[in-house]
Amino acid sequence: MRELILVLAPEGRDAEVIGSVLGEIGLATRPCSDMAALCRSLGDAVTALILSESALTDAEPLSAWLDAQPPWSDLPVVILTSRRTRQASRGRLAFFQTLGNVTLLDRPLHREALQSAARAALRSRERQYRTRSHLDEITRATDRLEERVAERTRALQAEMADRRRAESALHQAQKMEALGQLTGGVAHDFNNLLQGIVSCLAVLGPTVPDGTPHQLFEAANRSIERGARLTQSLLSFARRQTLMPEPTDIGDLLSGMSSLLERTLGGQIGVTIAVPPGLPAALIDRAQLESAILNLVINARDAMPTGGRLSLTAFVAEIGRDGGGSDPSDRAAELPAGTYVAIRVEDTGSGIDPSVLPHVFEPFFTTKPMDKGSGLGLSMVHGTATQSGGGVRIDSTPGKGTTITLYLPSVPAIAATPDHPAHADGTRIGDGAGHTILLVEDDAVVRMGTMAVLESLGHRVIEADSGEEALAVLSDGAVIDALVTDFAMPGMNGAAVVRNARQLRPGIPALIVTGYADTPDFGEAVQLLRKPFSPRQIADCLAAMLPK
């Protein structure tokens with residue numbers, strides 16, 4: 001930066017002489033004609049001022065500029081005066097001091113004194129410039145520090161929010177796990193109760209006379225079916241249901257359900273089913289999917305008490321890594337990227353209030369009257385979809401309707417296997433009747449009912465109330481054609497019974513009856529039958545196990 005000294009000395013050739021003397025040491029000067037011209041030239045680039053005392057008759061503009069200097073600036077001012085004048089006016093000297101960084105030079109001026117005063121002013125101004133530079137660096141460093149503090153604060157806030165979400169998710173998962181264990185245990189015990197009733201009614205069925213007794217008998221069976229659906233919902237919610245996923249043709253499934261759906265909806269609600277050709281198969285437990293769709297249809301029906309329209313649409317949904325689909329309406333939370341078969345159930349009903357929407361998949365949450373719903377329908381749908389590797393999305397607008405979309409894993413379709421051939425009497429037992437069955441069941445009522453069912457199918461039954469007793473029967477050398485065992489029993493469970501039984505009788509056909517547990521992995525074929533089961537179901541299982 002080139003130094004610049006402003007000179008205000010209007011008497012004679014003083015300004016010219018001052019400029020010449022300072023020019024000898026390389027300092028640049030700019031003469032000013034009056035105080036107004038000097039004030040217009042002031043700025044940070046000015047190194048110093050040299051003023052004649054006689055020019056300070058109107059110094060208020062200069063005093064105002066000097067008072068307004070930034071903190072780093074204290075502009076050096078050299079005033080040319082005379083000793084006689086200063087002695088005559090002490091008040092004038094005090095005024096000079098109010099101008100700040102003032103140096104007084106007495107006339108007549110000596111070249112060395114003027115040059116020395118100018119150099120001193122230059123050094124003082126350079127120190128001020130360095131101070132300004134340091135202050136600027138401190139300001140920039142402070143700004144950077146504040147930015148880093150702000151960035152770190154935002155990062156910490158994000159980490160804390162993530163931690164709170166993780167803790168909330170963990171708390172919810174722990175709560176759902178505890179509730180699931182309780183629910184699964186209740187469902188298992190309830191299935192045992194239903195199984196005892198089912199078996200006894202099945203054996204008594206042929207003896208029930210027509211008329212009112214038969215109507216009551218059918219009402220009891222319908223109640224059992226409702227109880228069975230309830231336990232399935234409980235187990236699906238608790239994720240304790242043993243799913244049997246298989247490639248399922250969604251078009252075939254929906255077509256097969258069309259008449260049931262029409263009867264369920266009644267005459268005031270129109271239903272349309274749209275499945276595009278070439279749709280991939282969905283890997284899902286067919287019975288659970290049918291139950292989930294029926295739950296959704298019943299909810300839609302209840303939302304349209306005066307009638308409306310219901311549509312079931314199947315399509316392929318491509319979910320990207322960000323959880324979004326090619327169609328914005330295909331977005332599904334927490335779904336891994338991949339190809340899914342989606343089933344969209346859309347109604348024109350009353351819709352769901354936004355405050356209620358976040359809770360609809362919670363167990364036992366319902367807006368229906370107490371006798372109209374258990375609050376497990378949507379939680380069962382959610383449990384079935386997520387347990388199968390898919391997900392659920394719900395969208396609703398009050399007064400306009402609700403759309404629920406199931407996302408199911410997609411697999412290539414395979415040819416369906418033919419059903420077991422039926423006999424003329426309608427049963428599919430085959431020629432396996434008349435075998436000896438070892439029945440293991442710790443519940444006396446369930447054991448008695450199951451034994452009666454097996455005997456009604458033409459089998460001979462040896463009963464055992466524990467795994468230890470069953471193994472003792474096998475050790476005694478009794479002729480046993482198949483083993484039917486409950487899974488959840490005190491001491492030795494059904495899995496251990498089958499494992500130990502096959503050590504005594506390698507390859508013995510085994511059927512595990514369960515109302516709760518997952519399918520054991522034995523490495524060999526083991527039939528699994530869910531409680532409550534009908535005589536037809538256990539007959540089909542035995543027919544598949546036993547030699548023809």
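Tutor: A residue is called buried when its relative accessible area is under 20%. The structure above is a predicted model, and 43% of the 548 residues of its protein chain count as buried.

Student: Why is Thr 403 called buried?

Tutor: Its relative accessible area is 15%. The cut-off for a buried residue is under 20%, so Thr 403, at 15%, is buried. Thr 403 has its place in strand S12. Apart from neighbours within four places in sequence, Thr 403 is in contact with Arg 344, Val 345, Glu 346, Arg 393, Ile 394 and Asp 395.

Student: Which strand is joined to S10 by 10 bridges?

Tutor: That strand is S9 (residues 308-319), and S9 and S10 run antiparallel. One of the facing positions is Thr 313, which stands opposite Arg 344 in S10.

Student: What makes S2 and S5 the edges of their sheet?

Tutor: The open sheet has 5 strands in the order S2-S1-S3-S4-S5, with parallel pairing. Strand S2 (28-31) and strand S5 (102-106) each have a single partner strand, so one side of each is left without a neighbour in the sheet. From one strand to the next, the twist averages 20 degrees. Strand S1 (residues 4-8) is joined to S2 by 4 bridges in the parallel sense, and Val 7 stands opposite Pro 31 in S2.

Student: Why are the buried residues of helix H1 said to be on the same side?

Tutor: The buried residues of H1 (residues 14-23) are Ala 15, Ile 18, Gly 19, Val 21 and Leu 22. They cover an arc of only 165 degrees around the axis, which puts them on the same side of H1.

Student: How do you know on which side of helix H12 its buried residues are placed?

Tutor: In H12 (residues 467-475), the buried residues are Gly 467, Ala 470, Leu 471, Val 473 and Leu 474. Their arc around the axis is only 155 degrees, and therefore they are on the same side of H12. The elements that cover these residues include strand S13 (436-440), strand S14 (460-464) and helix H13 (494-504). Just after H12, Gly 477 takes a positive phi of about 90 degrees.

Student: Why is the aromatic pair of Trp 72 and Tyr 129 called tilted?

Tutor: A search of the whole structure finds 1 aromatic pair. In this pair, Trp 72 and Tyr 129 are 6.0 Å apart centre to centre, with 45 degrees between the planes. Ring centres must lie within 6.5 Å to pair, and planes under 30 degrees apart count as stacked and over 60 as edge-to-face, so the remaining angles are tilted. At 45 degrees, the pair is therefore tilted. Trp 72 is in the loop between helix H3 (60-67) and strand S4 (77-81), whereas Tyr 129 is in helix H6 (residues 111-204), and the two are 57 residues apart. Both Trp 72 and Tyr 129 are buried.

Note on methods:
Residues numbered from 1 in each chain as written. Predicted model: local features only at pLDDT ≥ 70, side-chain atom pairs only at ≥ 80, totals over all residues. Heavy atoms only, no water. Buried < 20%, exposed > 50% of the residue type's maximum accessible area, 1.4 Å probe, protein only. Arc of directions from axis to C-beta. Pairing = 2+ DSSP bridges. Axes fitted to C-alpha atoms, helices over the stretch in contact; angles between N-to-C directions. Contact = heavy atoms within 4.5 Å.
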